[in-house]
Each structure stands twice: as structure tokens, then as C-alpha cells.
Amino acid sequence: MWLYRLLLSFLHIILYLRFIVLEILWKTRRFVAGVFGSRGTSCNEIHLHSSQLNKLPLHISLLILEPQIVFTDIAKLIVWSMALGISYISIFDRKGIFKKNAAKLSSEIIYKQREVFTEETKRYTFILRTRDTKFDHSLAPKQVCISLLSEEDGRGDIVQAAQDFCLEIQRKEALPKQMEVELMDQMLKATRGIPDPELALKFGNIDMLMGFLPWQTRLTEFISCKSHHHITFSLFLESLQKYSNCEKRFGK
């Protein structure tokens with residue numbers, strides 16, 4: 001009996017050591033990929049990968065729910081999206097950090113564009129917009145629209161739209177029965193004229209949307225990612241593949 005217990009203990013130790021070694025190798029691989037994985041990702045390579053996807057979102061949202069934001073990594077996600085041909089990109093953080101640092105974000109995007117697009121950089125122009133900025137849709141897809149969003153653009157925008165509509169009714173400029181989904185879309189300033197996001201990548205361990213666009217995300221596919229820190233193109237592509245393979249049933 002003691003020999004049997006000894007053998008079981010020995011096997012347990014071997015399996016435990018194997019688990020530890022595999023865990024170390026996996027973390028090392030992720031670290032190396034995070035440091036070096038984004039280098040050398042050219043525009044041609046990105047186009048090659050995009051041809052393997054069944055579909056791409058017209059509008060992709062990036063929800064940054066982590067306490068520390070790395071602008072260089074956000075710029076990578078934006079430029080990769082641009083290279084794939086995605087015309088609308090929105091970036092959300094609860095406190096409006098991107099809005100306050102729009103110039104810094106723009107500089108990081110331009111720097112990353114030169115690295116990915118090289119001599120084709122001028123072909124990929126973009127505009128950073130907020131709820132007070134209008135976007136000329138005749139420029140899409142030549143000019144990518146990047147919306148900077150915060151908590152005030154979610155529920156607060158809906159409340160403001162409802163108040164504005166009630167005032168129109170009070171002034172006899174509108175009737176209650178005129179309220180339709182399309183009219184509500186037009187009244188929301190944060191995304192006025194912008195298509196609803198078809199894919200949203202949520203970065204962080206928070207199982208909440210933290211006020212992100214409750215009206216515009218009725219049909220949005222959400223994919224959770226652990227972190228945007230040291231994000232690699234392979235991890236970004238993996239999320240797009242999940243979206244590409246999903247089937248929308250629209251509640252059926």
C-alpha cells in the first residue's frame with residue numbers, strides 16, 4: 001500500500017512540475033510576443049490576413065476599461081483597423097482621457113501609420129471627432145472617422161435627447177407619435193450620422209460596460225480581451241476571426 005501511495009505522490013509531483021513549466025513557457029511566449037509581435041506588421045501582411053476573414057465590421061469600438069491607458073498600444077489597434085479597411089472606429093474610456101489628450105493620440109497614430117503604411121501613409125487619413133464635431137461621410141472610406149467617447153456620451157446623451165424632444169412637443173414643433181428609432185438615432189449627438197458599432201472589443205477585467213452607448217449597441221457583438229497593453233496583431237486578428245465566424249440572429 002505504501003508503495004502505491006508513493007507512486008501516486010511521485011506522479012502528482014511530475015504533473016505539477018509539468019504544469020509549472022508550461023505556465024512559465026506560456027507567459028514567456030506572451031511577453032516576447034508583446035514586445036516584438038507588433039514589429040514588422042506591414043500593410044501588405046495585414047491585407048493578406050484580412051482576405052481570410054468572412055466579414056469585417058464597418059464600425060469597430062474599443063472599450064478601454066483599464067486604469068492605465070497606453071497610447072502607443074491604442075494607436076496600434078487603430079492603425080491595424082485602418083489597414084483592414086474599417087471606416088469607423090470609436091474609442092471609449094469612462095473619464096474622457098482620450099478627449100483630453102486628443103493631440104497626443106493623433107501624434108501616436110501618425111507615428112504608427114509611418115511604421116505600417118511606409119510610403120502609403122498619405123492614402124490613410126483620419127479625423128478625430130467628438131459629439132460636437134461633424135463628419136463628412138462623403139470622405140469615407142478615404143478618411144477614417146475616429147470617435148472619442150466617454151461616459152457622458154452614453155446615458156447622458158439619451159437623457160438630453162429625450163429632454164430636447166419633450167421641449168419640441170411643448171412648443172408644438174413635434175408630436176409624441178413621431179418618436180421612432182430613426183429619429184432617436186438622429187438626436188443622439190455622440191454618434192449622429194455614424195453607423196452603430198458592429199463589433200466592440202472590451203479591454204479589462206471589469207464585467208461591465210461602464211456607461212458605453214446603451215442605445216447604439218443593441219446588435220453589437222462584444223468580445224472581451226484581457227488587456228490592451230503590449231497587444232499584438234495576432235491577438236487582434238484572433239478577435240476579428242471570432243467576430244467573422246459569429247452568426248447574428250437578431251433575437252431569433
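Colleague: In which loop does Phe-212 lie?

Modeller: Please bear in mind that the model is predicted. Phe-212 belongs to the loop that runs between strand 5 (199–203) and strand 6 (221–225).

Colleague: What makes Phe-212 count as buried?

Modeller: The cut-off for a buried residue is under 20% relative accessible area. Phe-212 has a relative accessibility of 1%, and therefore counts as buried.

Colleague: How far apart are the C-alpha atoms of Phe-212 and Leu-63?

Modeller: They are separated by 7.9 Å, while the two residues stand 149 residues apart along the chain.

Colleague: Which residues is Ser-61 in contact with, leaving aside its neighbours within four places in sequence?

Modeller: Phe-212 is one of them; the others are Ser-90, Pro-197, Leu-199, Ala-200 and Leu-201. Ser-61 itself is part of strand 1 (residues 59–64).

Colleague: Why is Ser-61 called buried?

Modeller: The relative accessibility of Ser-61 is 0%, and the limit is under 20%. Ser-61 therefore counts as buried.

Colleague: How many helices and strands are there in the protein?

Modeller: The protein has 8 helices and 6 strands. Along the sequence they follow the pattern α-α-β-α-β-α-α-β-β-α-α-β-β-α. The protein has 252 residues, of which 39% count as buried. Of the contacts between residues at least 6 apart in sequence, 74% join residues at least 24 apart.

Colleague: Which residues of helix 2 are buried?

Modeller: In helix 2 (residues 43–50), the buried residues include Cys-43, Ile-46 and Ser-50. They cover an arc of only 60 degrees around the axis, which puts them on the same side of helix 2. The face turned away from that buried side carries the exposed residues Asn-44 and Leu-48.

Colleague: What covers the buried residues of helix 2?

Modeller: The cover includes helix 3 (71–84), helix 5 (102–117) and helix 8 (233–245).

Colleague: How do helix 2 and helix 3 cross?

Modeller: Their axes come within 9 Å and cross at roughly 65 degrees, and the crossing is right-handed. Helix 2 contributes Cys-43, Ile-46, His-47 and Ser-50 to the contact, and helix 3 contributes Trp-80, Ala-83 and Leu-84. By class, these residues are 5 nonpolar and 2 polar, with no charged ones.

Colleague: What makes helix 3 oblique to helix 5?

Modeller: The two helices pack at an angle of about 55 degrees, with their axes 8 Å apart. Angles under 35 degrees count as roughly parallel, and those of 65 to 115 as roughly perpendicular. The angle of about 55 degrees therefore makes helix 3 oblique to helix 5. Their crossing is right-handed. By class, the contact of helix 3 with helix 5 has 12 nonpolar, 2 polar and 4 charged residues. Among the residues that meet are Phe-71, Ile-74 and Ile-78 in helix 3 and Leu-105, Ile-109 and Val-116 in helix 5.

Colleague: How do you know that Ile-78 is buried?

Modeller: Ile-78 has a relative accessible area of 0%, to be set against the limit of under 20%. Ile-78 is therefore buried. Not counting residues up to four places away in sequence, Ile-78 touches Leu-62, Ile-89, Ile-91, Leu-105, Ile-109 and Ile-146. The C-alpha atoms of Ile-78 and Ile-91 are separated by 9.1 Å, the two residues being 13 residues apart along the chain.

Colleague: Where does His-230 lie, and what is its phi?

Modeller: His-230 is in the loop between strand 6 and helix 8. Its phi is near 55 degrees, a positive value in a residue other than glycine. Most residues other than glycine have a negative phi.

How values were computed
Residues are numbered from 1 along each chain as its sequence is written. This is a predicted model: local features need pLDDT of at least 70, side-chain atom pairs count only at pLDDT 80 or more; totals for chains, interfaces and linings use all residues. Side-chain values use heavy atoms; hydrogens and water are left out. Helices (H or I, at least four residues) and strands (E, at least two) are DSSP runs, numbered from the N terminus. Buried means under 20% relative accessible area, exposed over 50%, partly exposed in between (1.4 Å probe, protein chains only). Contact means heavy atoms within 4.5 Å. The arc is that of the directions from the helix axis to the C-beta atoms. Axes are lines fitted to C-alpha atoms, for helices over the stretch in contact, and angles run from 0 to 180 degrees between N-to-C directions. Angles under 35 degrees count as roughly parallel, over 145 as roughly antiparallel, 65 to 115 as roughly perpendicular and the rest as oblique. A crossing is left-handed if the near helix is turned anticlockwise from the far one by less than a right angle, and right-handed if clockwise. Ala, Val, Leu, Ile, Met, Phe, Trp, Tyr, Cys and Pro count as nonpolar, Asp, Glu, Lys and Arg as charged, and the others, Gly among them, as polar.
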